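Open the structure in your viewer and keep the selection tool ready.

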Amino acid sequence: RCENLVEVYFQLQQQVMAASTELGPELLPRLLERFNEVLSSLVKSSFLVEKQPPQVLKTQTKFQASVRFLLGPQLLKAAPKPYVVRADMVTEKQARELELSSYSNTLSESTGEILHNTVALETNPTSGNCCANFKNVLLKKIKRCERKGSESVTEEKCAVLFSTNITLTPSNVSIHLQVLSLPIVVIVHGNQDNNAKATVLWDNAFSDIDRVPFVVAERVPWDKMCDTLNLKFMAEVQTTKGLLKEHYFFLAQKIFNDHSATPEDFQSRHVSWAQFNKEILPGRGFTFWQWFDGVLDLTKRCLKSYWSDRLIMGFISKQYVCKLLSMQPDGTFLLRFSDSEIGGVTIAYVMRGKDGSSQVENIQPFSAKDLSIRSLGDRIRDLGQLRNLYPNIPKDQAFGSHYNKEQTGKD
């Protein structure tokens, strides 16, 4: 514990001072200077962000954050008045300079204007924790820096720098404390939210712990991407039912635009940031992430229970649907996420003509708005041509628990 280390430090310092005459006039100052360096390093490392600011931060929107000083209750109890912690926006370049100088530099200029950005560092009498709680902070505006090449504003990362100066008694050592938040993408409009989330997800998933801010790999192994998409899906939808191997295969075909490779082939590949959220998918008007995020949003809002009951096959191509359904009895159906629209779920079913030939039909995708008007379960009940959920579960058995009880007298 930090408190124990500080106690050891003060005991050693007292022993050195007691032996000052034996140490001599040359060794004593060097030892005391080294003690101060050790203490400063220990104290600085105990200043940390307890509650991170939102990683996608919209201007003119209030947010909360808090920092905690682990050694505060022990070191600041004799302070005549509370110290004040300041919050400032810093660019990636400024964050890098601060990190490389081991936080010995102070910030020269804030990259954005933050209102209510100073808070007292106080010890809570109940919990005993020494914290500065920013409860009503507002980023009024952001000063954009020069971007590299084709980099968009939603790829630009910055951070909040929390800082304060304290003086330790009785040694009278002055220490500058500062700590960076996680990387933040600042947006000015809600339509930038989707792309900003992609930048944050990539950075959180694929950055190294000990890195220069905010360097992250441009290409990552496909299996790591699969893990990331799975964790993101389960966290957003709040389900324990994750993605399956066949889902990963479909997603690989989509992101790599390759329908000839095997699942094993994809395992050895790397996927780039550009493939994830810069390049438009062939024949579409959106990127892979924009499409996947649309599925996340739809499932979270309207399909959580269906997904958790494994009633939605979801990530599957039209071609594979045809292969599965073409040999099935009339009225066999399954549910898949729309390939051509963002945030849609469609029903594919098989029907046979008079000549006995099978034909797979795809119903126009339902959006979140559609499903808020009438639920997916009730729509399935309405459609008489749907009989059995693939492979052979009667639809009332599969979806019965999702039907709403109809109001009497309702048209």
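**Stop 1: the sheet**

Start with a five-stranded open sheet, in the order β15-β14-β13-β16-β17. The pairing in this sheet is mixed. Keep in mind that you are looking at a predicted model. What are the edge strands? They are β15 (358-362) and β17 (393-394), and each pairs on one side only. In general, strands of a sheet pair through backbone hydrogen bonds, either parallel or antiparallel.

Now select strand β16, residues 388-389. Two bridges join β16 to β17, and these two strands run antiparallel. Pick N388 and look across to β17: the bridge partner of N388 is P394.

**Stop 2: helices on the sheet**

Helix α10 lies across β13 (332-337) and β14 (345-352). It runs at about 145° to β13.

**Stop 3: between β16 and β17**

The peptide bond from Y390 to P391 is cis, with omega near 5°. P391 sits in the loop between β16 and β17. Most peptide bonds are trans, and most residues other than glycine have a negative phi.

**Stop 4: α5 against α10**

Two packed helices are described by the angle between their axes and the distance between the axes. Select helix α5 (residues 193-206) and helix α10 (residues 288-308). They pack at an angle of about 100°, and their axes are 10 Å apart. This angle makes α5 roughly perpendicular to α10.

Show the side chains at the contact. From α5, pick N194, N195, K197, A198 and L201. From α10, pick W289, Q290 and D293. Sorted by class, this contact of α5 with α10 has three nonpolar, three polar and two charged residues.

**Stop 5: α5 against α6**

The crossing of α5 past α6 is right-handed.

Which residues of α5 meet α6? Select L201, W202, A205 and F206 in α5. They meet K224, M225, T228 and K232 in α6. By class, the contact of α5 with α6 has five nonpolar, one polar and two charged residues. L201 belongs to this contact, and it also takes part in the contact with α10.

**Stop 6**

Follow the chain on from α5. F214 lies in the loop between α5 and β11 (219-221). Select F214 together with P213: a cis peptide bond joins them, with omega about -20°.

**Stop 6: two glutamines in loops**

Select Q55, in the loop between β1 (47-51) and β2 (56-58). Is Q55 buried or exposed? Its relative accessible area is 17%, so Q55 is buried, below the cut-off of 20%. Set aside its neighbours within four places in sequence, and Q55 is in contact with L182, P183, I184, V185, V200 and N204.

Now select Q60, in the loop between β2 and β3 (62-69). At 51% relative accessibility, Q60 counts as exposed. Its phi is near 65°, a positive value in a residue other than glycine.

**Stop 7: R310**

Jump to R310, in the loop between α10 and α11. Phi of R310 is near 60°, again a positive value in a residue other than glycine. R310 counts as partly exposed, at 33% relative accessibility.

**Stop 8: Q178**

Select Q178 in strand β9, residues 173-180. Q178 is buried, with a relative accessible area of 4%. Q178 and L161 are 17 residues apart along the chain, and their C-alpha atoms are separated by 6.7 Å.

**Last stop: the whole chain**

Zoom out and show everything. The secondary structure of the chain comes to 14 helices and 17 strands. How many of its 411 residues count as buried? The share is 45%. Among contacts between residues at least 6 apart in sequence, 62% join residues at least 24 apart.

Key. Residues are numbered from 1 along each chain as its sequence is written. This is a predicted model: local features need pLDDT of at least 70, side-chain atom pairs count only at pLDDT 80 or more; totals for chains, interfaces and linings use all residues. Side-chain values use heavy atoms; hydrogens and water are left out. Axes are lines fitted to C-alpha atoms, for helices over the stretch in contact, and angles run from 0 to 180 degrees between N-to-C directions. Helices (H or I, at least four residues) and strands (E, at least two) are DSSP runs, numbered from the N terminus. Angles under 35 degrees count as roughly parallel, over 145 as roughly antiparallel, 65 to 115 as roughly perpendicular and the rest as oblique. Contact means heavy atoms within 4.5 Å. Ala, Val, Leu, Ile, Met, Phe, Trp, Tyr, Cys and Pro count as nonpolar, Asp, Glu, Lys and Arg as charged, and the others, Gly among them, as polar. A crossing is left-handed if the near helix is turned anticlockwise from the far one by less than a right angle, and right-handed if clockwise. Two strands pair if DSSP finds at least two bridges between them. Buried means under 20% relative accessible area, exposed over 50%, partly exposed in between (1.4 Å probe, protein chains only).
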